[in-house]
Amino acid sequence: MNNFDKILKNGLETSSFSEEELVLMLDEKNPENIQKLFDSANAVKLEIVGNKVSLRGLIEIGNVCRKNCFYCGIRRENFKMERFELSQNEILADAELAWKFKYGSIVLQGGEIQTEKHITFIEDTVRKIKSLTNNELGITLSLGEQSLETYRYWFEAGAHRYLLRIETSSPEIYGRIHPADHLFNERLQALYDLRTAGFQLGSGIMFGFDGQTSADMARDLLFLKKLDVDMVGMGPYSIHRDTPMGRVHPVQNNADMLTLGCKMIALLRILMPDINIASTTVLQALAPDGREKGLLAGANVIMPNVSEVRFRKAYQLYDNKPGIDENADCTRNALEQSLHSIGLVPAYNEWGDSKHFKNRKN
Ligand code: 5AD
Ligand code: SF4
């Protein structure tokens, strides 16, 4: 047995890799070995989680953000970005559509806003979605860093999962890709607070940007395991031309980034067999079948966009965001077909909580 096979076999048996082993896997160039990694991770997923794909109807509620992250298209100082905020009725209409589509759950995603008005607006909107859908629709929030009090308030209103990416587990890299007033420790504290408030905890990272090594990415994966997250949404960095990072390094190789994205998913699936892992939209931006590739490398969640088409263009974190011209109906049909074509089944009418959360509670 060669070294790659030995490490992979041991990883599968123990659900663990050392940092050095992860680096070796991330740096692997042989396509046959890479495919072996994807297939093994997919087999772990099929055994532990099954062949159902959990669905989250994604509602982009607004692109106003108080933060100024160097990589993100909706950063505060991108003055070229036209700003929008959905009204409550618009959000309710999207939520109702997701419910009618039997998506089972939704994600309300938007920039970080900490005003009293916004906090109350979200609370009220969550309550209304719950009552409008007879409590049937699960609600995940992805609205940035907030106080423990706010997290509690939103949890009590009926949201039960929250996504907040750490972006990188290295405080030093965090400092390079964010302005000085975005503090790594505050982000970490917010993750602890989310758990205290009762949320199922989702986090994730962004990877593949300049100045980050395979060892950094390996440590990111080990960090997610140590944080014992219930769900992960992570993906390759993708350029947005009107950002400080996009202006400095305006090119990247899409095929390489997609392979890296799938490797990260596969390694995480082996490290944490029972969590939810999303095949994120950014993979689809890198290749038309990117999202399916992510699912075949071990991801089990997708987030079809249910926002109205006219707002999708404005929620552009990176260039070439997919699906901005297609309406929710098209998205749904294409989705069903593409899942069936790779032997997977959409999990209609299910919240799709992670097994990891249930296992941890028991
Ligand atoms: N490329 C890839 N992902 C990005 N995000 C923001 N900007 C980019 C980009 N240019 C991700 C971050 C953030 C999430 C909302 O989107 O990880 O947490
Ligand atoms: Fe705001 Fe998130 Fe974009 Fe940072 S990454 S600017 S917090 S939306």
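This is a predicted model: local features need pLDDT of at least 70, side-chain atom pairs count only at pLDDT 80 or more; totals for chains, interfaces and linings use all residues.

Reader: Which residues surround ligand 1?
Author: Tyr 71, Cys 72, Arg 165, Glu 167, Met 206, Pro 236, Tyr 237, Ser 238, Leu 317 and Tyr 318. Each has a heavy atom within 4 Å of the ligand.

Reader: Which distance goes with Glu 167?
Author: A polar side-chain atom of Glu 167 lies 2.5 Å from an oxygen atom of ligand 1. For Arg 165, a polar side-chain atom is 2.7 Å from a ligand oxygen.

Reader: And how much of ligand 1 does the protein cover?
Author: 86% of the 400 Å² of accessible area that ligand 1 has on its own. That's Shrake-Rupley with a 1.4 Å probe.

Reader: Switching to the sheet. What's the strand order?
Author: β2-β3-β4-β5-β6-β8-β10, an open sheet of 7 strands with parallel pairing. Strands are DSSP runs of E, at least two residues, numbered from the N terminus. Two strands pair if DSSP finds at least two bridges between them.

Reader: Which strands stand at the edges?
Author: β2 (57–62) and β10 (276–277). Each has a single partner strand, so one side of each lacks a neighbour in the sheet.

Reader: How many bridges join β4 and β5?
Author: 2, between residues 138–142 and 161–163, in the parallel sense. Thr 140 stands opposite Arg 161 in β5.

Definitions and conventions:
Residues are numbered from 1 along each chain as its sequence is written. Chains are lettered from A and ligands numbered from 1 in the order in which they are written. Side-chain values use heavy atoms; hydrogens and water are left out. A polar contact is a pair of N or O atoms within 3.5 Å; within protein, one must be able to donate a hydrogen and the other to accept it, and residues adjacent in sequence count only if both atoms are side-chain atoms. Helices (H or I, at least four residues) and strands (E, at least two) are DSSP runs, numbered from the N terminus.
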